[in-house]
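Subject: Handover of a structure and summary of findings

Dear colleague,

Please find below the structure that I am handing over to you. My findings follow it, and I would be grateful if you read them with the coordinates open.

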Amino acid sequence: MIARSQLRKITPYTALLPMFVTVLVGYIGAGLWTLGMSMTASRTFPSSHFVGLAQYQRLFDNERWMLSLHNLAVYGLLFVLACLVIGFLLAVFIDQNVTGEGVLRTVFLYPYAMSFVATGLVWQWLLQPGDGIDSAIRALGWHDFTLGWIVDQDMAIYTIVIATVWQASGLVMALMLAGLRGVDPEIWKAARLDGISAWRVYLQIVLPMMWPTVATVLLLLATAVVKLYDAVVAMTQGGPGTASEVPAKFIMDHLFLRSNVGLASAGAVVLLVPVLALAAPYAYARSRKEAA
């Protein structure tokens, strides 16, 4: 039997500590294993044949990998900017105490509750030539109208941007709205007395005060960019050809379809670097803030 004095010493933190340690060791162990495999000649099965950085050289000599990095850069820039702008504008709109605020928040946030696979399939149907938007506009009388972005090599990546921005903007709205509701109302009163326009207050006063919220949003969006996979597979399968190829799909294809564990592991390690580069400064800043 456990004595009552011992039970009092058991806090939620001590109870969760073993699980936290297990998860942490699992992540670190998986990361080290992936790093080790990236320096071997592993193919279908893991191998102990050490090849150093040869897999990384092969990776960056691969045109498909370089194309996937280019696509990810284009996608990431547009996705983050669009989500920030749309999410902030939606938050500002709802912050005006509009009628039906609860319903609007639910409507804007609902897409984020869907999986990226479901989102991808819906938008694939909407953008597919002959279906969805194309069919609806032709039914209105524009019989020569064609919306072929999803099958156009130059436009396919932008269709993925549209679909994922539609899904993620609601989350940005919710976070930004929480930040806006934390702004001191006295600031707005002072701004009105000084005759400062509302948009200048938002851009020059409110947004700088919401920097912790903006930093959190940026971290979440950047992480979503790096792990982009589901929406691409559901919408375009990386096509037409390799026009919408992204690093995560390159890694999964080489891991499961091409039986190249070494090259896939090298790609995974390279993909981990930007995540750590984003997460480490954020974690450091949070720890400094809590210590202060």
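Which polar contact joins the side chains of Thr 236 and Ser 244? Before I turn to that, please note that this is a predicted model, and that every value in this message was computed from it.

**The loop between H12 and H13**

The side chains of Thr 236 and Ser 244 are joined by a polar contact of 2.7 Å. Thr 236 is located in the loop between H12 and H13. With a relative accessible area of 12%, Thr 236 falls under the 20% limit and therefore counts as buried. Leaving aside residues up to four places away in sequence, Thr 236 touches Ile 150, Ile 160 and Ser 244. There is also a pairing across the sequence to note: Thr 236 and Val 151 are 85 residues apart in the chain, yet their C-alpha atoms are 8.1 Å apart in space.

Gln 237, which lies in the loop between H12 and H13, has a phi near 55°, a positive value in a residue other than glycine. Is Gln 237 buried or exposed? Its relative accessibility is 51%, and since the limit for exposed is over 50%, Gln 237 counts as exposed. Pro 240 is placed in the loop between H12 and H13 as well, and the peptide bond that leads from Gly 239 to Pro 240 is cis, with omega near 0°.

**The loop between H13 and H14**

A positive phi is also found at Ser 259, where the angle is about 50° although the residue is not a glycine. Ser 259 belongs to the loop between H13 and H14. At 24% relative accessibility, Ser 259 counts as partly exposed.

**The largest nonpolar core**

How many residues does the largest nonpolar core have? The core has 54 residues, and those with the most contacts inside it are Tyr 75, Phe 79, Met 176, Leu 180, Val 206 and Leu 221. Helix H4 provides the largest share of this core, 12 residues. As a general background, nonpolar side chains tend to be buried together in soluble globular proteins.

Thr 119 is placed in helix H6, which covers residues 116-127. Thr 119 is buried, with a relative accessible area of 1%. Its side chain makes a polar contact of 3.3 Å with the side chain of Gln 167. Beyond residues up to four places away in sequence, Thr 119 touches Met 114, Ala 163, Trp 166 and Gln 167.

Glu 101 has its place in helix H5, residues 101-113. Glu 101 is buried too, with a relative accessible area of 15%. Residues up to four places away in sequence aside, Glu 101 touches Ile 94 and Arg 181.

The largest pocket has a volume of about 650 Å³. Its lining is made up of 21 residues, of which Thr 34, Ile 251, Met 252, Ala 268 and Leu 271 lie nearest its centre. Two or more lining residues come from each of helix H2 (12-37), helix H13 (247-257) and helix H14 (261-291). Of these, H14 gives the largest share, 8 residues. By class, the lining of the largest pocket divides into 17 nonpolar, 3 polar and 1 charged residues.

The second largest pocket holds about 280 Å³ of space. It is lined by 16 residues, and Tyr 112, Phe 116, Leu 220, Ala 224 and Lys 227 are the ones nearest its centre. Helix H4 (63-94), helix H8 (156-181), helix H11 (211-226) and helix H12 (230-235) each supply at least two residues of this lining. The largest share, 4 residues, comes from H11. The lining of the second largest pocket has 12 nonpolar, 2 polar and 2 charged residues.

With kind regards

Key
Residues numbered from 1 in each chain as written. Predicted model: local features only at pLDDT ≥ 70, side-chain atom pairs only at ≥ 80, totals over all residues. Heavy atoms only, no water. 1 Å grid on protein atoms, 1.4 Å probe; cavity = no way out; pocket = protein on both sides within 12 Å on 5 of 7 lines; lining within 4 Å. Points joined across faces, edges and corners; volume = space filled by probe spheres on them. Nonpolar A, V, L, I, M, F, W, Y, C, P; charged D, E, K, R; others polar. Core = buried A, V, L, I, M, F, W, Y, C linked by side-chain atoms within 4.5 Å. Buried < 20%, exposed > 50% of the residue type's maximum accessible area, 1.4 Å probe, protein only. Contact = heavy atoms within 4.5 Å. Polar contact = N/O pair within 3.5 Å; in protein donor to acceptor, adjacent residues only side chain to side chain.
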